[in-house]
Amino acid sequence: MLLKLKRTPGLYLVGFMGSGKSAVGRLLADELGWFFADIDEDIEKTEGVSIAEIFDNRGEEEFRRLEQEALRKRVQEVECGKPMVMALGGGAFADPANRKMLDERGVTIWLDCPFPRICARVEGHTHRPLARDPENFQRLYDTRRDIYAKAEHRIEADTDDAAAIVGEILKLPIF
């Protein structure tokens, strides 16, 4: 196993909303015998409301603050030696401070899912506030690809078979 991963056992799944981070993360954590955390779920549990409600009532800036706080708490657990696979929200990796924190404390993996597959997954879902406007949704996807490319590893995620994606992650030279 990669020395960096031994010191801070954190695998951070990044990628656009609907790319499969939560499904793949749960399965990967189970396969490794590690803990799993979904940052969006952590926020909803702490705040007692949905992500969509936070966006609608408090705005994206407040959501990003909550997201960074939730991420820091989970990364502290990793720093204390708790092995964890973490699914990040689609915008968490866009913040340079978050990227630096993750890069220094584990391994980042981009689940690169094609836009048509993402659209099929999020279509009709009202809990994704940034997907409500199709034009902005496409623009956001295009913009964030360059950011996700800064992850240490890239995994093609053009399938609905989470086990196949986990299999590809397990082939990475970090284990």
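Thr8 touches Val78, Glu79, Glu104, Arg105 and Gly106, with residues up to four places away in sequence left out of the count; contact here means heavy atoms within 4.5 Å. The model is a predicted one, in which local features need pLDDT of at least 70 and side-chain atom pairs count only at pLDDT 80 or more, while totals for chains, interfaces and linings use all residues. Residues are numbered from 1 along each chain as its sequence is written, and side-chain values use heavy atoms, with hydrogens and water left out.

Thr8 is found in the loop between α1 (3–7) and β1. Helices (H or I, at least four residues) and strands (E, at least two) are DSSP runs, numbered from the N terminus. Thr8 counts as buried because its relative accessibility is 11%, where buried means under 20% relative accessible area, exposed over 50%, and partly exposed in between (1.4 Å probe, protein chains only). The side chain of Thr8 also reaches the backbone nitrogen of Gly106 at 3.2 Å. Such a polar contact is a pair of N or O atoms within 3.5 Å; within protein, one must be able to donate a hydrogen and the other to accept it, and residues adjacent in sequence count only if both atoms are side-chain atoms.

Gly106 follows helix α6 and has a positive phi, near 145°. Within α6 (residues 96–104), the residues Asn98, Arg99, Met101 and Leu102 are buried. These four lie on the same side of α6 because they cover an arc of only 165° around the axis, the arc being that of the directions from the helix axis to the C-beta atoms. In general, an α-helix has 3.6 residues a turn, so residues three or four places apart point the same way. The buried residues of α6 pack against β1, α5, β4 and α8 (134–148), whereas the face turned away from them carries the exposed residues Pro96 and Lys100.

Five strands form an open sheet in the order β2-β3-β1-β4-β5, with parallel pairing; two strands pair if DSSP finds at least two bridges between them. The edge strands, each pairing on one side only, are β2 (35–38) and β5 (153–156). From one strand to the next, the twist averages 20°. Helix α5 (residues 60–79) packs on the sheet, touching β1, β2 and β3 (84–87), and its direction makes about 165° with that of β3. Axes are lines fitted to C-alpha atoms, for helices over the stretch in contact, and angles run from 0 to 180 degrees between N-to-C directions.

Strand β1 (residues 10–14) is joined to strand β4 (residues 107–112) by four bridges, and Val14 has Trp110 of β4 as its bridge partner. Four bridges likewise join β4 to β5 in parallel, with Asp112 standing opposite Glu156 in β5. The covered face of β5 holds His153 and Ile155, and the uncovered one Arg154 and Glu156.

The cysteines remain to be described. A disulfide is a pair of cysteine sulfur atoms within 2.5 Å, and by this rule the count comes to zero. Cys113 is in no disulfide, the nearest cysteine sulfur being that of Cys119, 9.7 Å away. Cys113 is buried, with a relative accessible area of 2%, whereas Cys119 is partly exposed at 26%.
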